Amino acid sequence: MTDVHPYLEVRERKRGRRAGDVYVRIERPFDHEFQRAQAGHLVATEETLRAGGRIGAAWRAARIFLFGRPISSEMEEHERLTKVKALAVFSSDNISSSAYATEEMMRIVVLAGIGALSMVVPLTLVIVAVLAIVATSYRQTIKAYPNGASSYIVAGDNLGAPAGLVAAAALLIDYTLTVAVSVSAGVAAITSIAPGLFDVRVLLAVGIVVLLTIGNLRGIRESGSIFMAPTYVYLVAVFGMLGYGLWQMATGTLAPYQPPREWLEAEAAVQPLGILLVLRAFSSGAVALTGVEAISDGVPAFKPPEWRNARTTLTWAAALFGSLFLGISILTSSIGIVPDPSEEQTVLSLVTRHIVGNGWYLVLVQVATALVLTLAANTSFADFPRLSSFLARDGFMPRQFGYRGDRLAFSTGIVALASLAVVLLVAFGASVTALIPLYTLGVFIAFTLSQSGMVVRWWRRREPGWTHSMAINALGAATTGVIVVIVGVSKFTQGGWIVMVLIPLVVLLLWGIRTHYQHMNSSLALDAPTAQLAVRRRPIVVVPVARLDQPALQAVAVAHALDPEALAVHITNDAAEAESLRRQWPELVGAGELVIVESPYRALLQPLLRYLDALQRQDPTRPVLVVVAEVVPRHWWEGLLHNQTALRLKFRLFFRRNTIVTDVPYHR
């Protein structure tokens, strides 16, 4: 019987030319699949990801075509974003909202008649002032939390876990609404120049979400490259139009505007211009501030120094958006634009058409607007998965949300966000006006909790300059807190109540998931070293070990009962975690050999299966017996909170020749 070497070496004793000379020849025929980092430590190469058979090869080719080749974990540093790309990835939501923020305010104040449109510019100035306060506050938050300044982290760190969960729930809802609103606004820009597509706007919106999902699954740096051009084309096109329009105003050459008579009749006053109507208009315009939080969530995605680059990008984004928003509002009011009651023509398209006519520049502005509004949803595709990974790390969301896919993207979060957004688009008919009442409240709740948390942090730590810093964050907390009340009151009957109900429900769901994981971990934890068991068997016995806990210990015991030389194999993409496991192994297990297979492409099953292939090819006559540890939850629905890795492994091994599977269930 040929010896099987756990480190995939073939050793052959050779005699030298002189009597008594003996040497050992070592061959490593599997180095193209497993490289050696150190003794007992193998690193799986990309070769291990290659699936066997025609179907597997075709599936891999399709994945590479859609999402690109897998990226090794060690390349993560090279996947970071520059400030120019980060502006497109994290600020497209904030910048692009200038295309519809003015219009949404106008649609509210016009309920009091055409004359009430004079309120648009004063309301814009107030919102720009709030933007300056919020951006300044978040600059401080980013510096204080250079590894990630999400409202969830800041509020949880300083105000307690419940406050952090409220902020997280509000942001998860708001990010989902951002995708629905941005895509709907992008489709509206398309139908403004192609009215024939108006009846299929929902189908268009769903198709755009699918394309965004594929783009983001390709990885954050590549998505930044894909989505960068539309953002900058929009900035150049709209700033060009605004500059030309303001020049016409200054020189007195701006042509008069006469809205269609039927629009004037449709916009007749239906209610007085009271404080509630003004507050509703303000809250609709304040939707433009939703992208400010995004950069603070994505600080770890920036190139070093992360916090400094993030702060600079935040300042750029705020300045660009404020200029666009104010310019559009001033021109709209000066020209006397009236919003189209049917929503087929956007206010931005009406302003552009009036200033530059119906030529190519109008098409450029509308196409750029459609693209940037559509891609503004990318802000949420960057931040929803990252926030979900924070929650999964802390046990508040299923662990699948914490794992990165082949392209270093949080694939589960991306797919979940896309699915929720599609539901909203279908339910609300891809209408911006219908979705806006649900928008804004969540992000301002997160703003308020984050800034309040910073106030507490400054007060507790009293670091140099803390009084000035605390004053800035206190102003930010007070400002956004007032807006929360305004938005909650003014939008309650228009759909804001839905968000108020959803936030506590999501908090309860997150807390329930955390409770489940806590109970599960406490029941699986190890508390004492174990003795070695030994019963020799003929197969090559292998037991995959994900982590040291009671199910793994039980599986190792079964494996060693079958064969004292059973191999424990740990597949990991975290070298530090693997080293920790190696150190604990002799004390907590004390039996058999532990083989570490590092998987820099974060795959689990493929490297394990290829390792089994390599072991078996050393002696094809021996079967492989795989001992699989599997946790069985008390309730069927609890299984949804786990990765089902054991089930997937058993399914793959079921079709593998000359393989025996021993399932070791662990019942809680």
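**A loop residue and its context**

Guide: Asn658 is partly exposed, with a relative accessible area of 39%; buried means under 20%, exposed over 50%, and partly exposed in between, with a 1.4 Å probe and protein chains only. The model is predicted, so local features need pLDDT of at least 70 and side-chain atom pairs count only at pLDDT 80 or more, while totals for chains, interfaces and linings use all residues. Residues are numbered from 1 along each chain as its sequence is written, and side-chain values use heavy atoms, with hydrogens and water left out.

Asn658 sits in the loop between helix 23 (645-654) and strand 9 (659-667). Helices (H or I, at least four residues) and strands (E, at least two) are DSSP runs, numbered from the N terminus. The phi of Asn658 is positive, about 55 degrees, although Asn658 is not a glycine.

Ala430 also has a positive phi, near 55 degrees, in a residue other than glycine. Ala430 is placed in the loop between helix 15 and helix 16 (432-435). Ala430 counts as buried, at 6% relative accessibility. Another backbone feature is the cis peptide bond from Pro304 to Pro305, with omega near -10 degrees. Pro305 belongs to the loop between helix 11 (292-297) and helix 12 (306-335).

As for the whole, the protein chain has 23 helices and nine strands. Of its 668 residues, 54% count as buried. Its C-alpha atoms fill a box of roughly 105 × 55 × 45 Å along the principal axes.

Val501 belongs to helix 19 (residues 492-524) and is partly exposed at 41%.

Helix 19 also gives the largest share, 10 residues, of the lining of the second largest pocket. On a 1 Å grid over the protein atoms alone, a pocket is an open set of points with protein on both sides within 12 Å along at least five of seven lines; a cavity is a set where a 1.4 Å probe fits but cannot get out; lining residues have an atom within 4 Å of a point. This pocket holds about 640 Å³ of space; of its 28 lining residues, Leu172, Ile173, Leu420, Val506 and Leu509 are the closest to its centre. Volume is the space filled by probe spheres set on grid points, which are joined across faces, edges and corners. By class, the lining of this pocket has 24 nonpolar, three polar and one charged residues. Here Ala, Val, Leu, Ile, Met, Phe, Trp, Tyr, Cys and Pro count as nonpolar, Asp, Glu, Lys and Arg as charged, and the others, Gly among them, as polar.

The whole structure has one cavity of 30 Å³ or more. The largest cavity is lined by Ser98, Ala99, Tyr100, Ala101, Thr102, Glu103, Ile328, Val347 and Leu348. Helix 3 (101-109) and helix 13 (347-356) each give two or more residues to this lining.
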